[in-house]
Amino acid sequence: MSEKNTFKVRKSWDTAILALLFSVWVLASFTTDNFLSSINVSQIFSNSSEILIMGFAMIFLIITGEIDLSIASILALSSAMLGWSYAAGAPIWLAILIAMAVGTACGFINGFLVTKLGLGSLAVTIGALALYRGIANGILGTNTINEFPDFWTSFGFDTFGKTFIPQTLPVIILFGLFFGLLLHNTAFGRRTLAIGQSPEAARFAGINVVRHKIIVFTFTGFMSGVAGVIYTFRFSTAQADNGIGLELLVISACLLGGVSIFGGVGTMWGLVAGVLLASSVESWLTLQEINAQWRTIVTGILLLISVAAPVMVDKYKRARATLANKA
Amino acid sequence: MANKGDLLLEMKDVKKRFGGAIALRGTNLSVRAGEIHALLGENGAGKSTMLKILAGVHEHDAGTITFGGAPFISGSPQASIDQGIAVIYQEPSLFLDLSLAENVFVGRQPKKGLAIDWKEAEAQARKLFNELGVELDPKRQARGLSIADQQVVEIAKALSMNASIILMDEPTAALSASEVERLMTVMRNLRAANKAVIFVSHRLDEVFAISDFITVMRDGATVSEKAISNTDLQTVIKEMVGRELTELFPKTDHPIGDVVLEVNDLTNPAYFRNVSFTVRKGEIVALAGLVGSGRSEIARSIFGVDSYETGSVKINNKPLKKNSPITAIAEKIALVPEDRRQQGLFMVAGVNRNISMESFDRLKGRIFLNFKKERALTNQWRENLSIKYADQSDPVDRLSGGNQQKTVLAKWLATDPDLLIVDEPTRGIDVGTKAEVHKLIDKAAGEGKAILMISSELPEVLGMADRIIVMREGRQVTELSRKEATQENVIAAATTGKKGI
Ligand SMILES: Nc1ncnc2c1ncn2[C@@H]1O[C@H](COP(=O)(O)OP(=O)(O)OP(=O)(O)O)[C@@H](O)[C@H]1O
Ligand SMILES: [Mg+2]
């Protein structure tokens, strides 16, 4: 019973998010002068960059029933490696590669510890959260590195010519397409969903659950590394406390986008809608000149609802079903 | 309390649809107190839907229901309990850490002052078990109880709540023969106590052994309501499937070829010891025996989802890696497991998603899955096995039990395996389709596949197998050819371990 109902809830959830996104846009464009102005739309997109990039991979992880809380620390570590190796004289392309490689390695280590040692992903990645941020601190201390080649900082910050399209957008779209197709149109994606829906049936279906999860963890590490690079160039800053707390935004955006925290359910466009909704609300509040604390509170409430609502509906249905079973 | 023979439940012209799918298009059902009433019909006929309406899980769209002389209050499980309706599901949901007495009285414990009177609860539970004619210790924990015993505890609970009607949806599907016997005794005791029982089953021999009255449904409508004395097996089958069924087991003879599967001295001390046998191309070998005799464990060990300690398995004369379903599938072995909900299917995923699960290679273009091919594959198997569903992306959870089983079969038959292992392949499948499934297995053997079949249904074993290996308590007792095997000598070997009579 409960599974079927969850499915129903999910379907209506998708529609609800789209409707919500649409109403926010309509409301915001009526109540403010420049919500749909090109600068603002451009701002909404660039503010979503890292969340989207990490979300593209994180959604796979949550669908398999795992989670990675260390992604923001991986972002910081890769940012620190980028700044440190560039400052130490490495050519920028090598520094970028090192940053992404470090992210990938972190993801692999998380996956290895979770699957091979059978430790829970919550416990492992909370430890990793502290560890990777600690290493970033060890590398940069309280230093910040702000000197990067103009080409790359303008890639992070500017739009194409006079348009409102951020230069990072094509990169994000490419990644989105890649992971979207991977999730919805390949055997790999089908297996990802299957593992989350029933680990036991997945075993009987001949899916190598351990290897699959390690790959997904590694993807997540890699994408956090990429996010670290983008973040560094967007703010022209490599420092150890880059991106603190971002993991919560990514996870919440996934859930807001209809990914089930219990695994097995989720779509890429749901994630994108979830991220855009969060950033649009944030931007709307900014334009209304509502101060930062209130903005954080509103965003927080929105995210809490996204976590709580499906669970509550599900609990209610479950209670009904149990009652029926006890009849 | 109602007298024997009084009309207890009357459902008239009941209709129910789920979205676009019509489950009930006008069903009648009349049940009297002190009656065991069988509700029969093909897979998807609407039997479970009827019971779920009575249980308050679903609400009917139209029609009248009268229960105990008053209009039935629908749509609420609690209201159904209060009206005296109890449901026994195939998989009971006891609290495993509580004692049996606690399970019977959970939420309604007898009290002494403010404290719960456990002595009294235990005494009452013991009395209920006695009435049902079973020996269970009310003090023991529910954990470790067999499914059959758990059902009995659920029934005791129903009695303690003064249920006047007990609904059982395929309660015997997962029980061994002796457990079925005992459940029947319990049902007779319920009848003697003037309770009504609605009994859904695809095992028609059981139905004729125990019921007083039979209602047959087809495509969501009632087609016949008859006392047992006014009908017979052939009539009922004809009413269910709408045509004459002549051959129940259409086994044909095939040339038997090289050895495909060779099992040598396989041992896993917890479940089975020194098991050796072969299965050849075109041959159907059955593992017979009681539930718990180690047959499913052997199948799972060959397929690699379980492990074994010593011995070896060869497939097409090559040693097969231990404990690796991935290798097994690559070597063209398929396993249709015993428990379809947990092991065979992804319940929230669509029918098409489930059927295509093992056939990605054939659905792939260069990189991406081709949805058109997936649709075609699903349609092909829908036709082959006459699977009933409204839309192919419907989650299999919405399919009737028998159609879920067909979906698992379709998934594995689609891989075109060399060795097909089927564990209880027709569990929950109706008579008409059973013959179709047998025909399919027979056809697969005709195409040169090797078939290893585990079945607790003796007629199925005797009808289908070229050779029968009888297991008892994890050991091979004997091997019988199709000619030698009879109902008597298989049962004798499975229960006493003696080789033939
Ligand atoms: N929740 C639901 N949503 C949509 N369709 C449903 C739902 N429940 C049942 N159905 C459909 O209603 C029809 C009747 O199903 P039901 O489960 O009552 O059959 P059944 O007679 O119990 O079959 P079986 O012998 O296979 O268990 C089927 O076509 C089924 O697909
Ligand atoms: Mg049913």
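## Aromatic cluster and pairs

In this predicted model, A:Tyr86, A:Phe148, A:Phe151, A:Trp152, A:Phe155 and A:Phe233 form one aromatic cluster. Over all chains there are 14 aromatic pairs. Rings of Phe, Tyr and Trp (its six-membered ring) pair if their centres lie within 6.5 Å; planes under 30 degrees apart are stacked, over 60 edge-to-face and the rest tilted.

A:Phe60 and A:Phe179 are edge-to-face, because their ring centres are 5.8 Å apart and their planes stand at 65°. A:Phe60 belongs to helix H2 (residues 38-63) of chain A and A:Phe179 to helix H7 (residues 169-185) of chain A, so the pair links distant parts of the chain, 119 residues apart. Helices are DSSP runs (H or I, at least four residues), numbered from the N terminus. A:Phe60 and A:Phe179 are both buried (under 20% relative accessible area, with a 1.4 Å probe and protein chains only; exposed is over 50%, partly exposed in between).

## Charges over rings

In chain B, the charged end of B:Arg382 sits over the ring of B:Tyr389, 4.0 Å from its centre. B:Lys16 lies over the face of B:Phe18, at 5.1 Å from the ring centre. The criterion is NZ of Lys or CZ of Arg within 6 Å of the ring centre and within 35 degrees of the ring normal.

## Nonpolar surface patch

A:Phe108, A:Ile109, A:Phe112, A:Leu113, A:Leu117 and A:Leu119 make a nonpolar surface patch of about 510 Å². Patch residues have over 30% relative accessible area and no salt bridge, with nonpolar side chains joined within 5 Å; a salt bridge is a side-chain nitrogen of Lys or Arg within 4 Å of a carboxyl oxygen of Asp or Glu. Areas come from the Shrake-Rupley method with a 1.4 Å probe.

A:Leu113 lies in helix H4 (residues 92-116) of chain A. A:Leu113 counts as partly exposed because its relative accessibility is 30%.

## Conventions

Residues are numbered from 1 along each chain as its sequence is written, and chains are lettered from A and ligands numbered from 1 in the order in which they are written. Local features need pLDDT of at least 70, side-chain atom pairs count only at pLDDT 80 or more, totals for chains, interfaces and linings use all residues, and side-chain values use heavy atoms, leaving out hydrogens and water.

How values were computed: Helix = DSSP H or I, 4+ residues; strand = E, 2+ residues; numbered from the N terminus. Patch = residues over 30% accessible without salt bridge, like charges linked within 9 Å, V, L, I, M, F, W, Y side chains within 5 Å.
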